[in-house]
Amino acid sequence: MPRGQKSKLRAREKRRETHGQPQGLTGPQVTAEKQEESRSSSSSSAVCRSARRRSSDSSVPQESQGASPTGSPDAGVSCSKSDVAAKGQDEKSPSTSPDASVPQETQGASPTGSPDADVSGSKSDVAAKGQEGESISPSERIVFFTTADRDPLNRKASKMVQFLQKKFEKKESILKADMLRRVRREYKPCFPEILKRTSERLAVAFGVELKEMDSSGESYTLVSKLGLSSEGSLSGDNALPKSGLLMSLLGLIFMKGNRATEEEVWEFLGVLGIYDGILHSIYGDTRKIITEDLVQDKYVVYRQVRNSDPPRYEFLWGPRAHAETTKMKVLRVLAEINNTSPGLYPHLYEDALIDEVERALRLRA
């Protein structure tokens with residue numbers, strides 16, 4: 001081949017190598033970036049899946065397992081609300097983990113005031129018997145108060161409840177951005193699940209739900225699940241604790257045939273780890289709330305049982321409770337907390353239906 005043609009061929013080969021080299025370098029770089037993104041996404045997904053598996057394992061009922069479970073506090077999700085709490089762990093000692101789902105008692109208070117103090121949570125432990133032997137178990141609330149929880153998503157939901165409670169008490173706006181900032185990067189893909197469990201805890205502990213204020217989903221507010229006025233139980237000091245105790249009290253009064261003795265009330269609250277004369281870590285001075293605050297707000301009536309000697313006292317719905325909510329709303333909330341349907345309590349449901357009809361007739365008159 002002539003020397004001139006050889007030189008041209010070499011020059012062409014060098015140009016090809018020069019133009020082709022950047023493309024060869026770019027390809028592996030893009031591939032590496034995609035692999036890194038894939039690994040990061042897979043890692044985040046694995047965190048959520050791992051948490052769900054752990055909570056799912058701990059939510060199997062004791063009757064089917066034959067052993068004491070760890071007692072997970074969530075319902076209707078992968079870590080569903082179990083009918084049992086971690087009895088074995090609670091009987092040994094209350095949790096002192098920094099990730100505890102509720103604040104610890106102040107120094108000097110009795111350990112029985114702690115919401116996870118030696119509570120088993122079995123449905124056979126029900127204190128609240130309704131008409132004709134019907135009952136709605138408080139056990140679904142018990143497990144929400146236990147601090148010994150191995151599921152990281154449950155712990156984060158419990159901490160989020162405390163954060164939202166402070167926001168509500170300070171009358172500050174509840175923004176999605178603020179909640180996201182409290183979730184570590186690896187758990188951000190799990191945020192919808194954490195928010196769902198947070199909503200469940202708010203309903204169980206305080207009788208409120210977390211609702212979006214607009215279609216953008218960037219801001220939220222807390223509203224009563226019983227339809228109570230925001231100027232009533234959700235106003236003033238200790239608004240959320242008052243709302244939570246009011247939900248329990250109205251439900252118990254309804255289940256007990258529209259009146260509940262003071263002994264029955266404290267028996268029911270005792271199943272939840274709430275005791276007379278002991279400051280509770282969530283609700284504070286319970287006696288003051290149910291016998292003074294809610295009475296002054298006209299949500300309950302607290303009176304002496306007729307002809308009782310020595311004097312005994314009972315609770316009834318107050319005029320404001322009758323005006324702002326209904327027996328049907330109370331029954332639906334209690335059934336929702338226990339993962340059941342109002343129709344499964346026929347006598348209570350019948351009473352609630354009669355109440356609905358009577359209200360409708362009064363409105364027409």
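Visitor: What makes the pair Lys327 and Asn258 a polar contact?

Guide: This is a predicted model, in which local features need pLDDT of at least 70 and side-chain atom pairs count only at pLDDT 80 or more, while totals for chains, interfaces and linings use all residues. Residues are numbered from 1 along each chain as its sequence is written, and side-chain values use heavy atoms, with hydrogens and water left out. A polar contact is a pair of N or O atoms within 3.5 Å; within protein, one must be able to donate a hydrogen and the other to accept it, and residues adjacent in sequence count only if both atoms are side-chain atoms. The side chains of Lys327 and Asn258 are joined at 3.0 Å, so the pair meets the distance limit of that definition.

Visitor: Why is Lys327 called buried?

Guide: Buried means under 20% relative accessible area, exposed over 50%, and partly exposed in between (1.4 Å probe, protein chains only). Lys327 has 10% relative accessibility, so it counts as buried. Leaving aside residues up to four places away in sequence, Lys327 touches Phe254, Asn258, Trp317, Asp351, Ala352 and Asp355, where contact means heavy atoms within 4.5 Å.

Visitor: Which helix holds Lys327?

Guide: Lys327 belongs to helix H12, residues 327-337. Helices (H or I, at least four residues) and strands (E, at least two) are DSSP runs, numbered from the N terminus. The protein chain has 13 helices and six strands.

Visitor: Why does Asp151 count as buried, and where is it found?

Guide: Its relative accessible area is 2%, so Asp151 is buried. Asp151 is in the loop between helix H4 (139-142) and helix H5 (152-169). A polar atom of the Asp151 side chain lies 3.0 Å from the backbone nitrogen of Leu153.

Visitor: What makes Ala239 buried?

Guide: Ala239 is buried because its relative accessibility is 6%. Ala239 lies in helix H8, residues 239-255.

Visitor: Why is helix H9 described as largely enclosed?

Guide: Seven of the ten residues of H9 (residues 262-271) are buried, so the rest of the structure largely encloses this helix. Among the buried ones are Glu262, Trp266 and Phe268. Just after H9, Gly273 takes a positive phi of about 80°.

Visitor: Which residues touch the most other members of the largest nonpolar core?

Guide: A nonpolar core is a set of buried Ala, Val, Leu, Ile, Met, Phe, Trp, Tyr and Cys residues joined through side-chain atoms within 4.5 Å. The largest one has 63 residues, and Met179, Phe206 and Ile290 touch the most other members. H8 supplies the largest share of this core, eleven residues. Residues touched by Ile290 include Leu245, Leu249, Trp266 and Phe315.

Visitor: How do you know that E1 and E3 pair?

Guide: Two strands pair if DSSP finds at least two bridges between them. Two bridges join E1 to strand E3 (residues 219-224), and the two run antiparallel. Ile174 stands opposite Tyr220 in E3.

Visitor: Why are E1 and E2 at the edges of the sheet?

Guide: The open sheet of three strands has the order E1-E3-E2, with antiparallel pairing. Strand E1 (174-175) and strand E2 (208-212) each have a single partner strand, so one side of each is left without a neighbour in the sheet.
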